Amino acid sequence: MRLIDAGARVDPGCCLLLEDWRSWVGVESGGWPDVGHDGPWLERDALGLTIWPRGAEDWRSEPVREGRPVRVLYGEVPELRRSLQTDLLGFRDSLRRWANTHCPDRAAALVAHADHVFAITAPA
């Protein structure tokens, strides 16, 4: 997921997919979100995460801390997750409308599969 704040932009590393959005569950209580490989560098403090656009080349290296970081306060994380989940619910509803028109006999299965893959309605 791309993070943007006051002109700073952090793109995910490779291998990070939209269905990994649930990795942000528990961040505010000490968990670490998935940001992909060869991607951002995360630093944690008492109030939140500082996410640098580019981190270390591998986990053994010192971080590069290149570019402008995005700051995410722990108190903001639940609303960010709710906002993304709302967008995914909108996607699911649009997919349902499209599928009901173009493949009505498979619409329910397609929508259920998308819901499962993206964990749209799964409990947190």
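**A close look at one strand**

Author: The protein has two helices and five strands, where helices are DSSP runs of H or I with at least four residues and strands are E runs of at least two, numbered from the N terminus. The order, starting at the N terminus, is β-β-β-β-β-α-α. Keep in mind that this is a predicted model, with local features needing pLDDT of at least 70 and side-chain atom pairs pLDDT 80 or more, while totals for chains, interfaces and linings use all residues. Numbering starts from 1 along each chain as its sequence is written, and side-chain values use heavy atoms, without hydrogens and water.

Now zoom in on E5, residues 70–73. Val-70 and Val-72 make up its covered face, while Arg-71 and Leu-73 sit on the uncovered one. Its antiparallel partner is E4, residues 48–52, and four bridges join the two; pairing takes at least two DSSP bridges. Across from Val-70 you'll find Ile-51.

Zooming back out, the C-alpha atoms fill a box of roughly 55 × 30 × 25 Å along the principal axes. Of the 124 residues, 32% are buried (under 20% relative accessible area, 1.4 Å probe, protein chains only). The exposed surface comes to about 7,700 Å², and carbon and sulfur atoms supply 57% of that (Shrake-Rupley, 1.4 Å probe). Among contacts (heavy atoms within 4.5 Å) with a separation of 6 or more, 42% come from residues 24 or more positions apart.

Notes
Buried < 20%, exposed > 50% of the residue type's maximum accessible area, 1.4 Å probe, protein only.
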